[in-house]
Amino acid sequence: MKGKLYGVGVGPGDPELLTLKAARILREADVVAVPDKGSGEKTALNIVRAHVEGKPLLSCPTPMVRDKALLDGCYTEIADRICALLDEGKTVAFITLGDPTVYSTYLYVHKKVAARGYETALIPGVPSFCAVAARLGTSLCEGGERLLIVPGSYEGLEDCLNFPANYVFMKSGKSLPALRDKLAQHGLLDKAELVSNCGMEGERVCRDLKELGDGEGYFSVVLVKAGEES
């Protein structure tokens, strides 16, 4: 009998935000697949260490580049290695920050494995923007407000900011200067707040983006409460 692949969302950083189901899947898994961005940091693994002690780990290199052909080759190679384990009847849990359905690199691997006919499942996790709103002590949206979630590196900010909604800009670190300029042009800078490394070591809360330098860490989320209920 072939094994099963789980994509496990481990939340934004605080180990206490790992769900009970995610913890159970990790304890029951034969192998834990760990994303490796090449920086030496194992953020997702650090969150779940207490649940995977002694288990075999499968390192999954996913370099931070924009070369789609190169990335697709990496995803295919990871899928090959996971499928080999599944063929041995092993259960594999691939850990991913936040939720596996929200801008997750893991989904590219998931689709490849599922397309080959293997059994797969997604285990939801607490998204970073939900943790950020909670840390700021505010809501994401109320009443009839709409919420627009955008990757911070998205180049078409103008069309987003012309859409009436509250905004979440994920992974905004290096893109912060351009984002801040656009928010100022649209009269939204005073409604923007930022949390970087939410729930992790080095967490930073900024309620006035004018106080920030030209860049924050990769795990930076900007929340803009522009809705009528704000």
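Student: Which elements do the buried residues of α2 pack against?

Tutor: This is a predicted model, in which local features need pLDDT of at least 70 and side-chain atom pairs count only at pLDDT 80 or more, while totals for chains, interfaces and linings use all residues. Residues are numbered from 1 along each chain as its sequence is written, and side-chain values use heavy atoms, with hydrogens and water left out. Helices (H or I, at least four residues) and strands (E, at least two) are DSSP runs numbered from the N terminus. Contact means heavy atoms within 4.5 Å. The buried residues of α2 pack against α1 (20-28), β2 (31-36), β3 (57-61) and β4.

Student: Which residues of helix α2 are buried?

Tutor: Buried means under 20% relative accessible area, exposed over 50%, and partly exposed in between (1.4 Å probe, protein chains only). In α2 (residues 43-52), T43, A44, L45, I47, V48 and V52 are buried. G54, with a positive phi near 85°, follows α2.

Student: How many aromatic pairs are there?

Tutor: A pair of aromatic rings is described by the distance of the centres and the angle of the planes. Rings of Phe, Tyr and Trp (its six-membered ring) pair if their centres lie within 6.5 Å; planes under 30 degrees apart count as stacked, over 60 as edge-to-face and the rest as tilted. The count is three aromatic pairs. Among them, Y75 and Y108 are stacked, at 5.0 Å centre to centre and 5° between the planes. This pair links distant parts of the chain, Y75 in helix α3 (residues 68-87) and Y108 in helix α4 (residues 106-115), 33 residues apart.

Student: Is Y75 buried or exposed?

Tutor: Y75 counts as buried because its relative accessibility is 7%, whereas Y108 is partly exposed at 48% relative accessible area.
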